[in-house]
Amino acid sequence: ALPNPQQSSVAAPEANGQPAPAPPPNSAGQTAWLGTRAPSLTPTEYSPPLTASLPPDLEGWGLGQFVLGKELGRGSVGRVYLAHHESLNLHRAIKILAPEATTDPDFVHRFQSEARIAASLRHPNIIQVLDICMADGLCYLVMEYIGSRSLLGFLEEAKGPRPVAWVVHIIDQLLSALAYAHSRGVVHRAR
């Protein structure tokens, strides 16, 4: 389970209609709500996660200035949530690495390096990585949220084959993004 919200910058959702308690003030008297930024953790500076695993559902939980919404997807190393940035009134996608995936400081260092590389890419068919953060031992990426369905979602909804022109258009966009990334020295790999 996640740490107690009263001892953490990860806040629990409302319980029985009552708002979640705010985290306690830090030594400067400020509410310790924001996650600790981790622009460049080296394996020797890395501290392992405070939790062994994430709860099954994080919808409604606070993380930094974000409130997590619905889960958008999950993979072998974490989950992606729709999140609302409270003070800027913006929606973002947040990928939270599973704590069990962050027990290896070399993995975290590689993840951060890959995030920095991804953040440097600017292409209309590549999701923009905006930030990488650490809070309470949780490592997460903040990414733009484009608000549309995934390609897989479109394909699953299809009633039969898609028109050839549509398929060519989609493949052209995919190849354009891959060619751009490749021209910047990035090679996509499957995990």
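**Reading the model, feature by feature**

Analyst: Let's begin with a residue: E71 counts as partly exposed, at 32% relative accessibility. Buried means under 20% relative accessible area, exposed over 50%, and partly exposed in between (1.4 Å probe, protein chains only). This is a predicted model, in which local features need pLDDT of at least 70 and side-chain atom pairs count only at pLDDT 80 or more, while totals for chains, interfaces and linings use all residues. Residues are numbered from 1 along each chain as its sequence is written, and side-chain values use heavy atoms, with hydrogens and water left out.

User: Which residue forms a salt bridge with E71?

Analyst: Side chains of opposite charge can pair when their charged atoms come close. The cut-off for a salt bridge is a side-chain nitrogen of Lys or Arg within 4 Å of a carboxyl oxygen of Asp or Glu. Here the partner of E71 is R74, with 2.8 Å between the closest N and O atoms. R74 is exposed, at a relative accessible area of 53%. A search of the whole structure turns up one salt bridge.

User: How should I read the strands, and which strand does β5 pair with over eight bridges?

Analyst: Helices (H or I, at least four residues) and strands (E, at least two) are DSSP runs, numbered from the N terminus. Two strands pair if DSSP finds at least two bridges between them. β5 (residues 78–85) pairs with β6 (residues 90–97) in the antiparallel sense over eight bridges, and R79 has I96 as its bridge partner in β6. Three residues separate β4 and β5 in their hairpin. β3 (residues 62–63) pairs antiparallel with β4 (residues 66–74) over two bridges, and these two strands form a hairpin with two residues between them.

User: What is the phi of N89, and where is N89 found?

Analyst: Most residues other than glycine have a negative phi. N89 is not a glycine, yet its phi is positive, about 55°. N89 is found in the loop between β5 and β6, and is exposed, with a relative accessible area of 57%. In the turn between β3 and β4, G64 has a positive phi of about 60°.

User: Which residues of α1 are buried?

Analyst: They are F107, V108, F111, Q112 and A115. At the N-terminal end, D104 caps α1, a side-chain oxygen lying 2.9 Å from the backbone nitrogen of D106.

User: Is Q128 buried or exposed, and what does its side chain make a polar contact with?

Analyst: Q128 is buried, at 13% relative accessibility. Q128 lies in the loop between α1 (105–119) and β7 (129–135). Its side chain makes a polar contact with the side chain of R122, at 3.2 Å. A polar contact is a pair of N or O atoms within 3.5 Å; within protein, one must be able to donate a hydrogen and the other to accept it, and residues adjacent in sequence count only if both atoms are side-chain atoms. Leaving aside neighbours within four places in sequence, Q128 is in contact (heavy atoms within 4.5 Å) with residues including V142, M143 and E144.
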